[in-house]
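Let's take a friendly walk through this model, from the overall layout down to single residues. Keep the structure open beside the text as you read.

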Amino acid sequence: MYAEEVALNVTVTAKLTINEQRANAKQRPVADVETELPLIWKAAHDESYDQFFRLHAFGIFSGSHASELVQTDVHKVYPKKGYYISGGTKTTARLRPVVIVNDTHRELLLKFAHGAPKGFTSVCGFRANQTESRHSKLLKEQLIKATGNPELIPYSLRHTGKHLGEIKGVSNLETFQRM
């Protein structure tokens with residue numbers, strides 16, 4: 001019966017979510033909060049890990065995509081105010097201030113700031129010129145190095161942050177959903 005009906009000039013003005021979509025969506029692995037998350041946090045503070053990976057580990061708390069991180073400009077890091085503006089977004093709605101978590105995070109964000117020319121300079125240095133597939137491979141390698149878990153993927157860090165929000169009961173807050 002419904003297949004015979006036609007809808008013309010339909011406009012959806014609100015975000016539409018079909019419950020079955022969420023239930024059937026591919027589940028991305030998250031880091032184990034008790035065993036793997038402490039290892040990732042330790043790696044974020046360890047200079048033997050790649051700059052990009054270390055910054056991405058801090059992205060657990062901002063929901064940053066790798067592309068946003070790579071396209072974050074050192075000129076938009078405000079250490080005295082305690083935040084930076086996330087870059088590399090497709091829409092201005094995703095441009096947002098992100099809290100600088102601690103001294104190590106601040107140092108990583110400013111590593112390429114000294115002597116940076118006017119114009120764009122990535123907080124990730126030369127990584128801004130690499131392909132997204134290279135970023136994924138690097139993050140995966142560094143995740144395995146930190147945790148020993150080959151099942152974790154680059155998106156695992158973002159989804160671990162989301163998982164932490166759900167555990168703490170704050171995932172429904174507007175500021176958290178904006179992540």
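## Overall layout

Read along the sequence, the protein chain follows the pattern α-α-α-α-β-β-β-α-α-α-α. Its secondary structure comes to eight helices and three strands; here helices (H or I, at least four residues) and strands (E, at least two) are DSSP runs, numbered from the N terminus. This is a predicted model, in which local features need pLDDT of at least 70 and side-chain atom pairs count only at pLDDT 80 or more, while totals for chains, interfaces and linings use all residues. Residues are numbered from 1 along each chain as its sequence is written, and side-chain values use heavy atoms, with hydrogens and water left out.

Of the 179 residues in the protein chain, 35% are buried. Buried means under 20% relative accessible area, exposed means over 50%, and partly exposed lies in between (1.4 Å probe, protein chains only). Among contacts in the protein chain between residues at least 6 apart in sequence, 56% join residues at least 24 apart; a contact means heavy atoms within 4.5 Å.

## The sheet

The three strands form an open sheet in the order S1-S2-S3, with antiparallel pairing. Strand S1 (77–78) and strand S3 (97–99) are at the edges with a single partner strand each, so one side of each has no neighbour in the sheet. Two strands pair if DSSP finds at least two bridges between them. Strand S2 (residues 83–85) pairs with S3 in the antiparallel sense over three bridges, and Ile-85 stands opposite Pro-97 in S3.

The loop between S2 and S3 holds Leu-95. This residue has 37% relative accessibility and therefore counts as partly exposed. Its C-alpha atom is separated by 6.7 Å from that of Ile-85, ten residues apart along the chain.

## The nonpolar core

Which residues have the most contacts inside the largest nonpolar core? They are Ile-40, Phe-52, Phe-53, Leu-55, Leu-109, Val-123 and Cys-124, in a core of 32 residues. Such a core is a set of buried Ala, Val, Leu, Ile, Met, Phe, Trp, Tyr and Cys residues joined through side-chain atoms within 4.5 Å. Two or more residues each come from helix H2 (36–44), helix H3 (51–58), helix H4 (66–70), helix H5 (103–110), helix H6 (132–147) and helix H7 (155–168). The largest share, five residues, is from H3.

Leaving aside residues up to four places away in sequence, Leu-109 touches Leu-55, Val-74, Val-77, Tyr-84, Ile-100 and Val-123.

## How the helices cross

The axes of H3 and H5 come within 10 Å and cross at roughly 135 degrees, which means that H3 is oblique to H5. The axes of H2 and H3 come within 8 Å and cross at roughly 130 degrees, and H2 is likewise oblique to H3. Axes are lines fitted to C-alpha atoms, for helices over the stretch in contact, and angles run from 0 to 180 degrees between N-to-C directions. Angles under 35 degrees count as roughly parallel, over 145 as roughly antiparallel, 65 to 115 as roughly perpendicular and the rest as oblique.

H3 makes its contact with H5 through Gln-51, Arg-54, Leu-55 and Phe-58, which meet Thr-104, His-105, Leu-108 and Leu-109 of H5. Between H2 and H3, the contact is made by Ile-40, Trp-41, Ala-43 and Ala-44 of H2 and Phe-53, Arg-54, Ala-57 and Phe-58 of H3.

| Residue | Relative accessible area |
|---|---|
| Thr-160 | 0% |
| Gly-165 | 2% |
| Leu-108 | 5% |

Leu-108 belongs to helix H5. Not counting residues up to four places away in sequence, Leu-108 touches Ala-44, Gln-51, Arg-54, Leu-55, Phe-58 and Val-123.

From C-alpha to C-alpha, Gly-165 and Phe-61 are 9.4 Å apart in space, and they are 104 residues apart in sequence.
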